Amino acid sequence: MALSLLAATALTTPAFADEADSTVEGVVVTGVKEGYAAKVTESAAKLPLSLRETPQSVTVITRERMDDFGLATIANVLEQTTGITVQENDSNRVNFTSRGFSISNFQLDGVPTAYSSGSSVMGDTVLYDRVEVVRGATGLVTGSGDPSATVNLIRKAPTREVKGSIAALVGSWNRGRVEADLSGPVFAEGRVRARVAGAFEDRESYIDFYEEKKKIGLAVVEADVTDTTLVRLGYDYTEVTPKGTTWGTSPLYYRDGSPTSFERAYNAAARWSTWDRNTSNLYAVLEQRLPGDWKFRAAVNKRQSESTALLYYGYGGYPDPNDGSGMIVADYYNVFEQEETAFDVYATGPFELFGRKHELVIGANGYDREGTTMNDAIDASRRPYAMTIPNIFTWDGRIPEPALLRYGTPAQIERTKESGVYGAVRFNPTDRLKVIVGARSSQWETKVDRYDLAGVYDRTTNAYSEDKVTPYFGAIFDITSQISAYVSYSDLFKPQSNKDRNNAQLPPVVGTNYEGGLKGEFFEGQLYAAVVGFYVKQDNLAELDPTVPDGFILPDGGSAFRAVTGAETRGFEAEVTGQLTPRWRIAGGYTYAYTENAAKVRINTLNPRNIARIYTTYDLPGPLEGLTIGGGLNWQSEIYTAATIPVPGNTSAPGTNPPTMRVNVSQDAYVLANLMARYRFNEKLSATLNVDNLFDETYYRRVGFYNGGYYGEPRKVTLTLRAAF
């Protein structure tokens, strides 16, 4: 308890920081050099707790770990996070799942924000100091009691001493990247500080004629208005411009029912096919230290994003093994714009009751989100190409671009609002027992306004609203000075953006989430370990609708889902992270999760039942001082789903539809090995070599999407030269 109170007191003290400072939701915590082990997190309950004190499963990916393994995107980060599955539908759509469920709860410095595989651009890690992932339900402070996970992206904040770095990276497939980061006091004897960071990346791909450019920037200034008041203002921007964008997968079967043998470079897109995305965030934070060791924090984030998709892809059909004919094309033009205003306000601090000191947090948060799909389309009457690919074996993507119809009016505007108030008390009945009791009252509403081509309002559909109270309970008991046992319970209430085949929003997921296990801190707190069991029961759980036609998409570019009732999930996790010695760092975990419906049939089979990953680095001593070596292993068990394939051995003629059948298509279990080595020439200059997929394993990241499979990356090598000052 003393640790928590000291942290709460120190959180807004302005005069303590040094080069070892780190941040929690942008708040400074003193004297911590994290390595791989985070000391404090607030993501689960808005209370400054260590991982051992938090009655939920928490993983923190630190800045050091991102740099060690070249984790340049949030997808890269989540690939190394215990229990998280990263799946790609194509070159631009990425889905994240935890414990078998899609992750929809994302936060920026603790403020809720949206993520959609169809329209969002996921942040580059040059913007962030660390990433906190809370697995299981976090409905107390997020509003959505989502049993998957909440991903909290902690942005870089100004430092009290001048520091900076520049980096240059080269890698496989002509990848080039430069980064810069500069931070420090500006004036007023350090009471006003600023930080700028950014990156530019230009790369090709293992996929034929796919390329991508990225521009990322961050500017933030903060000031100690008084000795107890801190204000921070910031802006970040991300722009991603691809060419040769895929909009589907590689076919798994030829028209005669025999398996295909396409290379991983397969691409059935046009060279001009693109899905441009950009997003910006304007944000402000106020932190106020109050009497009695209390703290008040208010944050607001204004996000604007736009995606422009002009796509051409051979998504369906079955190629003829002899002449390569038979691939059916879909083309698509869509402009989607989204604005979101989100906030998070809370106060936390200690109080005394029955002669003992306890902690209280009260707060409110929410968002107001508006997404506009424009009345734009490809002019079907003037297509300069056929809607089939003549020969997929010789396809090179060189076709003329289509004429576009741009009306400049909205086709539909989807509005979603969610807000809520919450409160929790962390009781300390004994020195060894801590109990958290809380609840949240949430209000959620959504509707879709539809318009004609002239932009005149037509009708409102998908209108829905609901109020819900979600209770939360958690308890931690210190068995020894190093090991604690914990349990937690939360109701589930998750408004979801998933839609059915009729573009109607699915009703909120409701249910219960139970979790319990053991947590420990070893080697004077430098190593954290946990063993956890969980059980989840849900109604209205979304799963991809297998009955929709091949190539079917919703107006926003997303996929169609259907609701499942009576879903149950059972599983357990084991995790370890931190330092075994001052030179040896380790992070990894194992997750087992099994989900079945009311009929006891396994669902969510595209999520592996088992996931194991382990990463480690070691600083060599003696004559090899300055050299760090490391590596990691990612293993997952089989995934499968139903798909439609031609009947094996059929002799249907080219140009006709072959007879088909429904079967399960799968990706067997596989393991990926990664290596890293870094040499520090001196305290300021280092070079890092990363090799991903060391043994060049061939595997599918996703199967069944458009009845095909999407290949994972082959072996990839990157070299980074980094200078600090």
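A salt bridge is a side-chain nitrogen of Lys or Arg within 4 Å of a carboxyl oxygen of Asp or Glu. By that rule, a search of the whole structure finds 58 salt bridges. Before we look at some of them, a word on the model.

This is a predicted model, in which local features need pLDDT of at least 70, side-chain atom pairs count only at pLDDT 80 or more, and totals for chains, interfaces and linings use all residues. Residues are numbered from 1 along each chain as its sequence is written, and side-chain values use heavy atoms, with hydrogens and water left out.

## Strands and hairpins

Let us start with the strands. Strands here are DSSP runs (E, at least two residues), numbered from the N terminus, and two of them pair if DSSP finds at least two bridges between them. Five strands make an open sheet with mixed pairing, in the order β3-β9-β10-β7-β8. Its edges are β3 (57-62) and β8 (111-113), each of which pairs on one side only. Within this sheet, β7 (residues 105-108) runs parallel to β10 (residues 149-155), and four bridges join them.

A223 stands opposite V231 in β15, and the hairpin of β14 and β15 has two residues between the strands.

| Pair | N to O distance |
|---|---|
| D181 and K156 | 2.9 Å |
| E340 and R303 | 3.3 Å |
| R585 and D619 | 2.8 Å |

Where do R585 and D619 lie? R585 is in strand β31 (residues 584-596) and D619 in strand β32 (residues 610-619), so the pair ties together parts that are 34 residues apart in sequence. Both R585 and D619 are buried; buried means under 20% relative accessible area, exposed over 50%, and partly exposed in between (1.4 Å probe, protein chains only).

D181 is buried as well, with a relative accessible area of 10%, and K156 counts as buried at 6%.
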